[in-house]
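Have a look at the picture below, and then we'll go from one spot to the next.

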Amino acid sequence: MPTTPTEDQVREALGRVNDPEIRRPITELGMVDSVEISEDGVVDVGILLTVAGCPLRETITADTQREVGSVPGVTAVRVRMGVMTDEQRAELRARLRGGQAEPEIPFTKPGSLTRVYAVTSGKGGVGKSSVTANLAAALATQGLSVGVVDADIYGFSIPRMLGVTQVPTQLDGMIVPPVAHGVKVISIGMFVEDKQPVIWRGPMLHRAVQQFLTDVFWGDLDVLLLDLPPGTGDVTISVAQLLPNAQILVVTTPQTAAAEVAERTGLIATQTKQKVAGVIENMSYLVQQDGSRLEVFGSGGGEAVSASLAQTLGYDVPLLAQLPLDIRLREGSDSGVPVVVSEQGRPPADAPAGLALAEVAQRLGNVRRGLAGMRLGISPVSS
């Protein structure tokens, strides 16, 4: 005769059900309202959603039925959905913020181990956003926890490039970002109507970037990427103020005119005291049928920027990659499936730009973090 499952067994199974957005067990988030078990093994689970119209309720239901259904003795699982009260949402928000009452930028705290990269360019149209989206997706395939802030307020494009269609969940002033290809994403494009232009001046831009960093629940990220607007305007200055620990990735094309402007975005580091992590040259060449390379936009721009920045800043600024013109890269950006993950979690063999970006992500992902700010778990012992 099968034994009736216990409540402890059921709750242990529920601990394996994660909220798809917050990415933590629903048991830790206070979302399990009730567990009732009948003598014949039928389990009724009450789950509280953060908002009534949660778009992922079906995912939570399916995961709950799968995990609880695997408990020995369970014959059926019935899931009843409810909605958190204002008080319960306030408790959840405080729990997610670690008890911090006031919003703060977690990436500037002494204990933060998140590597922050600000992806910038001198001119628009050089592929900066495509580079950001693909680097983020490639880093996520390495098993890293990755977030992207689309800080290009006027020209936001990251949601399309990563295939984000759902809106963020708002939890009493806290924003839970959507996840695509394993990457947490936030963009002003998620808060405005389709094709509506954003017409803001400096203070509004600063506030928007600040909210993306303080009001969004990012969790414990290994890497945060920011897609900055071209040039050295308000947003670039705000990011330098809000995230002084951010390293700069400069994107340029081989063309001399583009390279000269791109160099200026790197030289902002002389004033902000940030580090330039490297240069990425996009649209470097077009591979011909005979294997030769056609340098459509000239050559040498990325190398010139790298060498000049290294000389001025006094340390090595590597040329991380020279990305060829690649139709697969463009197609992936338009379809919302980055080329670096488009086939079996890796770039296809006929996508040279995707392969090169995956190598850059591997290089960035393997950067060793120092011990500064790391808790070692050492406490004094009295003699």
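## Starting with one residue

In which strand is the place of D227? D227 belongs to strand β10, which covers residues 223-227. Keep in mind as you look around that this is a predicted model.

Is D227 buried or exposed? Its relative accessibility is 0%, so D227 counts as buried, the cut-off being under 20%. And what is D227 in contact with, once you skip its neighbours within four places in sequence? The list is V119, K128, S129, T132, V149, D150, A151, D152 and I158.

## The whole protein

Now zoom out. The protein has 12 helices and 15 strands. It consists of 383 residues, and 49% of them count as buried. Its accessible surface comes to about 18500 Å², with 49% of that belonging to carbon and sulfur atoms.

How do contacts link up the chain? Take those between residues at least 6 apart in sequence: 74% of them join residues at least 24 apart.

## A hairpin

Next stop, strands β1 (residues 32-37) and β2 (residues 42-49). These two run antiparallel, and 5 bridges join them. If you want to spot a facing pair, V32 stands opposite I47 in β2.

Together β1 and β2 form a hairpin, with 4 residues between them. Look for G41 in the turn: its phi is positive, at about 90 degrees.

## Helix α10

Helix α10 runs over residues 301-313, which makes 13 residues.

Which residues of α10 are buried? They are G301, G302, V305, S306, S308, L309 and L313. What covers these buried residues includes the strands β11 (247-252), β12 (276-281) and β15 (319-322), along with the helices α8 (256-267) and α9 (269-272). After α10 comes G314, which has a positive phi, near 85 degrees.

## Rings and a charge

How many aromatic pairs does a search of the whole structure find? The count is 0. There is still something to see at a ring, though: R293 lies over the face of Y285, at 3.9 Å from the ring centre.

Conventions: Residues numbered from 1 in each chain as written. Predicted model: local features only at pLDDT ≥ 70, side-chain atom pairs only at ≥ 80, totals over all residues. Heavy atoms only, no water. Pairing = 2+ DSSP bridges. Expected span 1.5 Å × (residues − 1). Buried < 20%, exposed > 50% of the residue type's maximum accessible area, 1.4 Å probe, protein only. Contact = heavy atoms within 4.5 Å. Areas by Shrake-Rupley, 256 points an atom, 1.4 Å probe, with all protein chains shown as cover. Phe/Tyr/Trp six-rings, centres within 6.5 Å; stacked < 30°, edge-to-face > 60°. Lys NZ or Arg CZ within 6 Å of the ring centre and 35° of its normal.
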